[in-house]
Amino acid sequence: MFGSRLARLQPLIVNCKVPAVPSGCQQLCHSHTDVSPPDINKYRRWSELDKSAVPVEETSYGRQAFSCMVAATGGMALVVGAKKVGVNLISMKNPSAAMLAIAKSEVNIGSIPEGTNSTVLWQGKPCFVRHRTPEEIEEMKAVNLKELRDPQHDDDRVTKPEWLILTGICTHLGCVPIAYKGDYNGYFCPCHGSHYDASGRIRKGPAPANLEVPRYEFIDDETVIIG
């Protein structure tokens with residue numbers, strides 16, 4: 001059946017003619033060929049027209065090198081600025097000269113007689129500077145550590161045996177003990193009855209620990225700096 005239909009259509013296909021394109025249309029399609037392209041040389045850099053006639057710095061390579069130099073200079077400036085900001089931030093966190101002066105106390109120990117105790121201020125806290133006698137030194141060295149609540153040898157609490165330097169704050173509730181009082185002739189806190197010996201070690205009462213030994217340094221035989 002399909003063959004019979006194709007046989008009937010074949011004469012029509014053979015006799016079919018494509019109409020000719022008018023000549024006007026052909027001229028219209030090809031009319032753009034007679035238009036010359038615009039001259040854009042006047043918009044170009046003069047250094048791009050003849051690269052052999054200009055220095056390297058005027059070419060695109062020279063401009064790229066200049067751009068890299070500008071970027072490097074900007075990066076260096078950024079690094080220097082960041083460093084300056086970092087230094088300023090660190091300096092802000094460092095203590096000032098006034099704070100450093102408060103953080104340390106200079107004590108003239110040459111004016112403290114043997115067998116006496118002097119109270120000085122360090123960072124707003126009382127400190128005891130005690131000039132011990134040879135008898136007190138020998139007695140403190142002979143104490144049995146097993147008898148102590150907070151065992152610590154006298155040699156570990158002093159730099160020079162004759163000088164005992166302590167923070168004058170009771171380790172119980174922060175009261176200020178009294179020198180040359182109590183059962184051990186060391187320090188006595190009347191608030192709750194804590195007794196310390198001549199090495200500042202707790203011997204009796206509710207205090208849990210010995211009196212604190214601050215950091216100090218002997219500058220010479222008559223001067224010590226606490227802090």
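Predicted model: local features only at pLDDT ≥ 70, side-chain atom pairs only at ≥ 80, totals over all residues.
**Overall composition**

The protein chain contains 6 helices and 10 strands. Of its 227 residues, 26% are buried. The accessible surface of the chain amounts to about 15,800 Å², and carbon and sulfur atoms account for 60% of that area. When contacts between residues at least 6 apart in sequence are considered, 51% of them join residues at least 24 apart.

**An open antiparallel sheet**

Four of the strands form an open sheet, arranged in the order β5-β6-β7-β8 with antiparallel pairing. Strands β5 (178-179) and β8 (202-204) stand at the edges; each has a single partner strand, so one side of each is left without a neighbour in the sheet. Within the sheet, β6 (residues 187-189) and β7 (residues 194-196) are paired in the antiparallel sense over 3 bridges. Cys189 stands opposite Ser194 in β7.

Arg132 is located in the loop between β3 (125-131) and α6 (134-141). Its relative accessibility is 1%, and because buried means under 20%, Arg132 counts as buried. The side chain of Arg132 makes a polar contact of 2.8 Å with the side chain of Asp154. A polar atom of the Arg132 side chain also lies 2.8 Å from the backbone oxygen of Pro161. Apart from neighbours within four places in sequence, the residues in contact with Arg132 include Glu114, Ile137, Met140, Val158, Glu162, Leu164, Ala198 and Ser199.

**Aromatic pairs and charges over rings**

A search of the whole structure finds 2 aromatic pairs. Their geometry is set out below.

| Pair | Arrangement | Centre to centre | Angle between planes |
|---|---|---|---|
| Phe128 and Tyr187 | stacked | 4.8 Å | 5° |
| Tyr216 and Phe218 | edge-to-face | 5.7 Å | 90° |

The pair of Phe128 and Tyr187 links distant parts of the chain, since Phe128 belongs to strand β3 and Tyr187 to strand β6, 59 residues apart. Both Phe128 and Tyr187 are buried. Tyr216 and Phe218 are buried as well.

Charged side chains also sit over aromatic rings. The charged end of Lys160 is placed over the ring of Phe218, 4.6 Å from the ring centre; Phe218 is thus a residue that also takes part in the edge-to-face pair with Tyr216. The charged end of Arg130 sits over the ring of Tyr180, at 3.9 Å from the ring centre.

Notes. Residues numbered from 1 in each chain as written. Heavy atoms only, no water. Helix = DSSP H or I, 4+ residues; strand = E, 2+ residues; numbered from the N terminus. Buried < 20%, exposed > 50% of the residue type's maximum accessible area, 1.4 Å probe, protein only. Contact = heavy atoms within 4.5 Å. Areas by Shrake-Rupley, 256 points an atom, 1.4 Å probe, with all protein chains shown as cover. Pairing = 2+ DSSP bridges. Polar contact = N/O pair within 3.5 Å; in protein donor to acceptor, adjacent residues only side chain to side chain. Phe/Tyr/Trp six-rings, centres within 6.5 Å; stacked < 30°, edge-to-face > 60°. Lys NZ or Arg CZ within 6 Å of the ring centre and 35° of its normal.
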